Structures are given as structure tokens and as C-alpha cells.
Amino acid sequence: MTDFKALILAIVSPLVEHPEDLVVTPVETERFYEYRLAVNPDDVGRVIGKQGRVAQAIRTIVYSVRVQGNKRVRLIIDDRPTKTLE
């Protein structure tokens, strides 16, 4: 299967001022492969863009990748940074 996490990070990293705060969390549901993108609150505007155009472009690229089976890919942009346990 395609590494959507790497794809999303490759697209979003150059857009933000705080790439170290980017976290992509995959969640598989009954109908979707969901990828939750957490960004620094200062970078939300950069990722969403005017009238959501940047977010829509990111989603268009991610959704265009073929996935095996009946499930679809969904990208959710979250402005609350998540803490990772290390």
C-alpha cells in the first residue's frame, strides 16, 4: 500500500514554519483510511489557504492515489498539536 503518511508530510512540510510539529496519525475505520494531520496552530492558515484552496489541493493529490479494496482515503487537518509519547 502507498505510504500516505510520507506523501502528506512531503506535501505539507515545505508549506509550514514549524515542520517539526507535523504529526500524521493513520486511523482505519470501516469505510475509510483516515489520516489526521496535526499542525502547529500558527501554521493552520498556511495549510488551509484562502477559502480552503491549499487544503483542497492537498486532498486532491492524496485522494488521487489508488487504494486496493473498497475503502477510501480521508485527510483531516487538525490545528491542535498532539503530544507523542517517547
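Is Glu34 buried or exposed? In this predicted model, Glu34 is buried, with a relative accessible area of 7%, which puts it under the 20% cut-off for that label.

Glu34 belongs to strand β2, and its side chain makes a polar contact of 3.0 Å with the side chain of Arg74. Setting aside neighbours within four places in sequence, the residues in contact with Glu34 are Thr25, Pro26, Val27, Thr29, Arg74 and Ile76. So Arg74 turns up both in that contact list and as the polar partner, while Glu34 itself is buried.

Now for a residue at the other end of the scale. Gln51 sits in the loop between α2 and α3 and is exposed, with a relative accessible area of 72%. Its backbone is worth a look too: phi of Gln51 is near 55°, a positive value in a residue other than glycine.

Here are the two residues side by side:

| Residue | Where | Relative accessible area |
|---|---|---|
| Glu34 | strand β2 | 7% |
| Gln51 | loop between α2 and α3 | 72% |

Then there's helix α1, residues 4-12, where Phe4, Ile8 and Val12 are buried. Why do these three lie on the same side of α1? They cover an arc of only 55° around the axis, which puts them there together.

Definitions and conventions
Residues are numbered from 1 along each chain as its sequence is written. This is a predicted model: local features need pLDDT of at least 70, side-chain atom pairs count only at pLDDT 80 or more; totals for chains, interfaces and linings use all residues. Side-chain values use heavy atoms; hydrogens and water are left out. Buried means under 20% relative accessible area, exposed over 50%, partly exposed in between (1.4 Å probe, protein chains only). Helices (H or I, at least four residues) and strands (E, at least two) are DSSP runs, numbered from the N terminus. The arc is that of the directions from the helix axis to the C-beta atoms. A polar contact is a pair of N or O atoms within 3.5 Å; within protein, one must be able to donate a hydrogen and the other to accept it, and residues adjacent in sequence count only if both atoms are side-chain atoms. Contact means heavy atoms within 4.5 Å.
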